[in-house]
Amino acid sequence: MAADLLISEMTVGKRFKIGVVTLNAPTKLNALSLSMVEGLGAQLRIWANDKKIAAVWLQGAGDKAFCAGGDIVDMYHAMVATPHTVQAEVCHFFTQEYQTDHLIHTFPKPVIVWGDGIVMGGGIGLMVGGSHRLVTERSRLAMPEISIGLYPDVAGSWFLPKMPDNAGLFLGLTGAQINGRDAVHLNMADHRVSSAKQTQLKAGLANLSWQGDNHDFAMLSDFFRDHELSIKDKDVALPEGYLSHQQTVSDLCAGESLQQVAAAILNQDADDPWLQRAQANLRAGSPNTAHLIWQMIQQPPADLASAFRQELGMSCRCAESGEFAEGVRALLIDKDRKPQWQFADVNQVPESVVRHHFSSPWPADVHPLRSLGH
């Protein structure tokens with residue numbers, strides 16, 4: 001069986017190389033396994049200290065997805081085997097994933113992410129930290145964790161509150177999909193390029209004037225800007241997304257409480273398919289998750305490392321409660337799409353339950369991510 005992470009290096013300029021990582025699980029839409037996040041983290045640490053490596057290019061195998069999220073079936077079995085506990089297997093996966101995501105955010109060299117096709121959940125986590133995040137006319141991005149009883153993690157508590165016009169709250173509550181142009185507008189991506197030009201773009205990198213220092217960041221920005229799609233391009237036609245609903249989203253999410261916002265979204269007389277799908281996702285999603293999203297956007301963490309530390313505790317609490325396992329069961333195991341959530345709607349979730357999800361399972365001095373950012 002082929003390795004689920006392919007590592008190679010391509011020569012650029014006269015004395016540098018670009019490290020290339022391919023998420024190689026196309027039949028699973030390149031969903032992240034534990035071995036993938038551990039392997040990627042280990043390779044990035046090697047390249048960070050290799051003076052011959054000037055940048056990293058991160059991509060997914062196949063033409064359907066960069067990465068559709070985490071491969072959560074193994075976690076499901078661990079949650080079912082030891083319910084109502086903070087499962088070691090679940091915490092280990094999220095610890096490794098968040099460490100790798102943080103490394104991408106803080107990497108000392110350019111990280112180019114080819115965000116073509118589906119980019120969701122854990123794929124967003126890999127992408128948002130890149131220095132040069134490329135999307136195409138085929139890119140479909142979403143944070144659909146409300147459907148599985150988790151929440152938009154992978155630094156969602158850090159980047160969603162920064163989005164304009166309440167977009168982060170709406171995308172979290174509804175799992176709504178956005179396109180490449182939306183992603184650039186919302187600072188989830190930097191450049192929109194043609195999916196057909198991946199090989200051409202990679203070949204073009206070889207001819208740039210690499211210096212192996214901060215100069216390379218600006219050089220790459222100029223390079224990708226020169227290859228951006230414009231309105232005149234024939235492949236500019238995009239699937240429906242956020243920008244055409246920007247004012248509606250802002251208005252729907254202007255309420256002073258989660259209950260007000262949820263009611264506004266669900267009661268909207270929407271004849272638009274994008275808004276209808278958003279409503280359906282919120283209506284069928286976990287009320288617990290909705291409260292976590294509201295709280296993390298109202299009180300965002302102080303910095304990126306704090307975000308990952310808080311989210312690790314939250315993710316483990318979602319597993320402990322059984323809500324995460326039930327969501328995975330309904331969507332991926334039994335596939336009945338009929339999750340039995342702990343509470344019927346957002347009005348019934350006690351404040352104590354929400355507070356518990358934000359309480360760390362560990363004292364600060366033994367937190368698995370205590371050294372992050374230091």
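In which loop does valine 346 lie? Valine 346 is placed in the loop between α15 and α16 (351-357), where helices (H or I, at least four residues) and strands (E, at least two) are DSSP runs numbered from the N terminus. The structure is a predicted model, in which local features need pLDDT of at least 70 and side-chain atom pairs count only at pLDDT 80 or more, while totals for chains, interfaces and linings use all residues. Residues are numbered from 1 along each chain as its sequence is written, and side-chain values use heavy atoms, with hydrogens and water left out.

Valine 346 counts as buried at 12% relative accessibility; buried means under 20% relative accessible area, exposed over 50%, and partly exposed in between (1.4 Å probe, protein chains only). With neighbours within four places in sequence left aside, valine 346 is in contact (heavy atoms within 4.5 Å) with Leu258, Gln259, Ala262, Pro287, Ala290 and His291. Between valine 346 and arginine 15 the sequence separation is 331 residues, and the C-alpha to C-alpha distance is 58 Å.

The protein chain has 16 helices and nine strands. Its radius of gyration, 20 Å, is close to the 21 Å given by the globule rule for 374 residues, so the chain is as compact as a globular protein of that length. The radius is taken over C-alpha atoms, and the globule rule is 2.2 Å times the number of residues to the power 0.38. Along the principal axes, the C-alpha atoms of the chain fill a box of roughly 65 × 50 × 40 Å. Of the 374 residues, 55% count as buried. Among contacts with a separation of 6 or more, 74% are accounted for by residues 24 or more positions apart.

The accessible surface of the protein chain comes to about 15900 Å², and 50% of it belongs to carbon and sulfur atoms. Accessible areas come from the Shrake-Rupley method with a 1.4 Å probe; for residues, only the protein chains shown count as cover. The chain has 30 positive and 40 negative charges, whose mean positions are 7 Å apart. Lys and Arg count as positive and Asp and Glu as negative, with His and the chain ends not counted. The place of a charge is NZ of Lys, CZ of Arg, CG of Asp or CD of Glu.

Side chains of opposite charge can pair when their charged atoms come close. A search of the whole structure finds 11 salt bridges, each defined as a side-chain nitrogen of Lys or Arg within 4 Å of a carboxyl oxygen of Asp or Glu. One of them joins arginine 138 to aspartate 116, with the closest N and O atoms 2.4 Å apart. Arginine 138 lies in the loop between β7 (132-135) and β8 (140-142) and aspartate 116 in the loop between β5 (111-115) and β6 (118-120), so the pair ties together parts that are 22 residues apart in sequence. Arginine 138 is partly exposed, at 34% relative accessible area, whereas aspartate 116 is buried, at 6%.

A salt bridge also links arginine 225 and aspartate 222, with the closest N and O atoms 2.8 Å apart. Both residues lie in helix α9 (residues 215-226), three residues or about one turn of the helix apart. Arginine 225 is partly exposed at 45% relative accessibility, and aspartate 222 is partly exposed at 42%.

In the salt bridge between arginine 329 and glutamate 326, the closest N and O atoms are 2.8 Å apart. These two residues are three residues apart in helix α15 (residues 323-333), a separation of about one helical turn. Arginine 329 is buried, with a relative accessible area of 13%, and glutamate 326 is buried, with 16%. Salt bridges that share partners join Glu326, Arg329, Asp334 and Asp336 into one network.

Helix α6 (residues 167-174) is mostly covered, with eight of its eight residues buried. The buried residues of α6 pack against α10 (246-252), α11 (258-267), α12 (273-284) and α13 (287-298). Glycine 175 follows α6 and has a positive phi, near 60°. Serine 315, in helix α14 (residues 304-321), is buried at 0% relative accessibility. Residues up to four places away in sequence not counted, serine 315 touches Phe94, Tyr98, Leu150, Tyr151 and Asp153.
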